[in-house]
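Hi everyone, thanks for coming. I'd like to walk you through a structure that may be new to you, so please take a look at it with me.

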Amino acid sequence: VTMNLHPITESILKAKAERGLTWAQLSEQLGATDVWIASCVYGENSMLPAMADKLCGLLDLDRSARTFLTEYPIKGNSLGVRTIPTDPLMYRFYEILCVYGTSLKEVIQEKCGDGIMSAIDFTLSVEKVNDPKGDRVVVQMNGKFLPYRRF
């Protein structure tokens, strides 16, 4: 990964790579999803102390990593100063939002009412599906519907 990362994120990623561990293996060890664990490492979510201790133990990380992993983050900073991602894979999600965002909003609100999908009461998973025409990626977002309050 070649972006401006927090030094502790860099140290966690280095320790993970040195041990040849995958996010899926860490997921099994920690009892949380691979995507969520990665988001904590990138400073977008925070772990409870027990999970941070377990990860630090698995990767032989010091106390500063534990502190970083348990701090409440200011979200949305993992891309640094970029508003629009330049990495091709991340850009495709931006492109999906540009092309389908209004349609998603319209369909969600038609089915659920005037409101939003929560990114707090939320899960995100990624699956690889083998296909003879080329492997497929299935991204599932599952968020609680939050109706707008009228007052």
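Let's start with Cys56, which is buried, with a relative accessible area of 7%. Keep in mind as we go that this is a predicted model.

Now let's step back to the whole protein. There are 6 helices and 2 strands. The C-alpha trace spans about 50 × 50 × 30 Å along its principal axes. Of the 151 residues in the protein, 23% are buried.

Ala38 belongs to helix H3, which covers residues 34-41. Its relative accessibility is 15%, and under 20% counts as buried, so Ala38 falls in that class. Now look from Ala38 across to Thr102: these two are 64 residues apart along the chain, and their C-alpha atoms are separated by 28 Å.

For another pair, go to Asn4, in the segment before H1. Is Asn4 buried or exposed? Asn4 is exposed, at a relative accessible area of 77%. Between Asn4 and Val81 there are 77 residues of separation in sequence, while the C-alpha to C-alpha distance is 9.4 Å.

On to the way the helices pack. Two packed helices are described by the angle between their axes and the distance between those axes. Take helix H1, residues 7-18, with helix H5, residues 63-70: they pack at an angle of about 110°, and their axes are 10 Å apart. That angle makes H1 roughly perpendicular to H5. The crossing of these two, H1 and H5, is left-handed.

H5 also packs with H4. Here the axes come within 9 Å and cross at roughly 140°. So H4 is oblique to H5. What is the handedness of the crossing of H4 and H5? The crossing of H4 and H5 is right-handed.

While we're in this region, have a look at the loop between helix H4, 49-59, and H5, which is where you'll find Asp60. Asp60 has a positive phi of about 55°, although it is not a glycine. With a relative accessibility of 64%, Asp60 counts as exposed.

Let's finish with helix H6, residues 88-112, and follow it from one end to the other. At the start of H6, a side-chain oxygen of Asp87 reaches to within 3.1 Å of the backbone nitrogen of Leu89. Further along, H6 has a kink of about 60°, and that kink is centred on Tyr100. Just after H6 comes Gly113, which takes a positive phi of about 110°.

Key. Residues numbered from 1 in each chain as written. Predicted model: local features only at pLDDT ≥ 70, side-chain atom pairs only at ≥ 80, totals over all residues. Heavy atoms only, no water. Bend = angle between axes of the 7 residues up to and from the residue. Helix = DSSP H or I, 4+ residues; strand = E, 2+ residues; numbered from the N terminus. Polar contact = N/O pair within 3.5 Å; in protein donor to acceptor, adjacent residues only side chain to side chain. Buried < 20%, exposed > 50% of the residue type's maximum accessible area, 1.4 Å probe, protein only. Axes fitted to C-alpha atoms, helices over the stretch in contact; angles between N-to-C directions. Parallel < 35°, antiparallel > 145°, perpendicular 65-115°, else oblique. Left-handed = near helix turned anticlockwise from the far one by under 90°.
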